[in-house]
Amino acid sequence: MKVIYLLPGLFFFLSSCDPLESTLLEGEVDAYVPVYANAQNINQITVEAAQPVEHAGKIYVYGNYLFQNDLYKGIHIIDNSNKSLPKKLAFIKIPLSTELAVKGNHLYSNNYDDIVVFDLTNITNPQLVKRLEDVFPPVQQDYPPVNNVYFECADPSKGLVVRWDLKRIKVPHCKR
């Protein structure tokens with residue numbers, strides 16, 4: 001009879017806390033932190049001067065040129081006619097761009113949930129010629145794309161979550 005009373009108490013005690021997790025959460029832990037983009041600026045596309053690559057993505061070869069995606073920022077245009085000394089020519093700022101393709105004389109890229117098309121007749125000054133809106137469904141970004149991790153809760157008032165960076169932070173409030 002006494003064993004029956006002890007079993008629920010033992011179950012409650014063992015499931016109520018994990019001492020290892022409690023210890024970890026008192027200091028800093030590795031957790032995912034959302035990176036935000038301003039929703040009002042996601043459709044503002046510009047051609048700018050060449051700049052350094054920050055988050056290298058896919059590369060596409062087009063004749064003597066290379067197009068390199070800088071994740072979530074845009075596309076670098078590189079003259080590769082001298083293979084030993086490639087030269088950056090320009091940067092197409094396309095917020096939230098992650099993909100690119102070239103067919104004929106047109107460059108295609110995503111711009112959040114849209115597809116944008118550029119005419120490459122003047123390679124150093126590509127012209128936006130078309131936008132196909134709402135082609136892609138919005139990606140669920142309320143939490144990181146991995147399970148069993150700590151993360152800083154997303155705050156929609158800060159903008160759109162475009163990616164998750166793993167950082168060392170104090171006491172994250174969410175776990176997935």
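Which residue does a disulfide join to cysteine 153? The views below are of a predicted model, in which local features need pLDDT of at least 70 and side-chain atom pairs count only at pLDDT 80 or more, while totals for chains, interfaces and linings use all residues. Residues are numbered from 1 along each chain as its sequence is written, and side-chain values use heavy atoms, with hydrogens and water left out.

**View 1. The disulfide of cysteine 153 and cysteine 174.** Cysteine 153 is joined to cysteine 174, with an S to S distance of 1.6 Å; a disulfide is a pair of cysteine sulfur atoms within 2.5 Å. The link is right-handed, with 90 degrees about the S-S bond. Cysteine 174 counts as buried at 17% relative accessibility, whereas cysteine 153 is partly exposed at 33% (buried means under 20% relative accessible area, exposed over 50%, partly exposed in between; 1.4 Å probe, protein chains only).

**View 2. The largest nonpolar core.** A nonpolar core is a set of buried Ala, Val, Leu, Ile, Met, Phe, Trp, Tyr and Cys residues joined through side-chain atoms within 4.5 Å. Of the 14 residues in this core, Phe67, Ile92, Ile94, Leu107 and Phe118 touch the most other members. A second, separate core of 6 residues includes Tyr32, Val149, Val161 and Cys174.

**View 3. The surroundings of isoleucine 92.** Leaving aside neighbours within four places in sequence, isoleucine 92 has contacts (heavy atoms within 4.5 Å) that include Ile45, Val47, Ile75, Leu107 and Phe118.
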